[in-house]
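Please look through the sequence and the fold below before reading on. The paragraphs that follow go from the backbone elements to the side chains.

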Amino acid sequence: MAKKEKVIKITLVRSPIGNTERHKATVRALGLRKVGQTVEQNDTLTVRGMLAKVNHLVQVEEVQD
């Protein structure tokens, strides 16, 4: 039986306009396009690293199963 991965909810709360191109690209790579949009991603080290770079633009919640 496979171990179920944790899922986190990521919401874009501030616009990436005025930030570096790298921050904008990170937000897009997370799957966020518009302010207020929410996506669910698996809780991996890669995603956590991306969130650390744009933590001033996003809000993160853990999904309860």
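Helices (H or I, at least four residues) and strands (E, at least two) are taken here as DSSP runs and are numbered from the N terminus. This is a predicted model, in which local features need pLDDT of at least 70 and side-chain atom pairs count only at pLDDT 80 or more, while totals for chains, interfaces and linings use all residues. Residues are numbered from 1 along each chain as its sequence is written, and side-chain values use heavy atoms, with hydrogens and water left out.

Strands of a sheet pair through backbone hydrogen bonds, either parallel or antiparallel. Here three strands form an open sheet in the order 2-1-3, and their pairing is antiparallel; two strands count as paired if DSSP finds at least two bridges between them. Strand 2 (38-42) and strand 3 (58-62) are the edge strands, each pairing on one side only. From one strand to the next the twist averages 30°, where axes are lines fitted to C-alpha atoms, for helices over the stretch in contact, and angles run from 0 to 180 degrees between N-to-C directions. Strand 1 (residues 7-12) and strand 3 run antiparallel and are joined by five bridges; threonine 11, for instance, has glutamine 59 in strand 3 as its bridge partner. Helix 2 (residues 45-53) packs on this sheet, where it touches strand 1, strand 2 and strand 3, and its direction makes about 25° with that of strand 1; contact means heavy atoms within 4.5 Å.

A nonpolar core is a set of buried Ala, Val, Leu, Ile, Met, Phe, Trp, Tyr and Cys residues joined through side-chain atoms within 4.5 Å, and buried means under 20% relative accessible area, exposed over 50%, and partly exposed in between (1.4 Å probe, protein chains only). Leaving aside residues up to four places away in sequence, valine 54 touches His23, Thr26, Val27 and Leu30. Threonine 26 is found in helix 1 (residues 21-29) and, with a relative accessible area of 15%, counts as buried; by the same exclusion of sequence neighbours up to four places away, threonine 26 touches Met50 and Val54.

Charged side chains complete the picture. Side chains of opposite charge can pair when their charged atoms come close. The structure holds three salt bridges, each defined as a side-chain nitrogen of Lys or Arg within 4 Å of a carboxyl oxygen of Asp or Glu. In one of them, the side chains of glutamate 21 and lysine 24 meet at 3.5 Å, N to O; both residues lie in helix 1, three residues apart, about one turn of the helix. Glutamate 21 is exposed, because its relative accessibility is 58%, whereas lysine 24, at 26%, is partly exposed.

Asp43, Arg48 and Glu62 are linked in a network of salt bridges. Between arginine 48 and aspartate 43 the closest N and O atoms are 2.7 Å apart, and the side chains of glutamate 62 and arginine 48 meet at 4.0 Å, N to O. This second pair links distant parts of the chain, with glutamate 62 in strand 3 and arginine 48 in helix 2, 14 residues apart.
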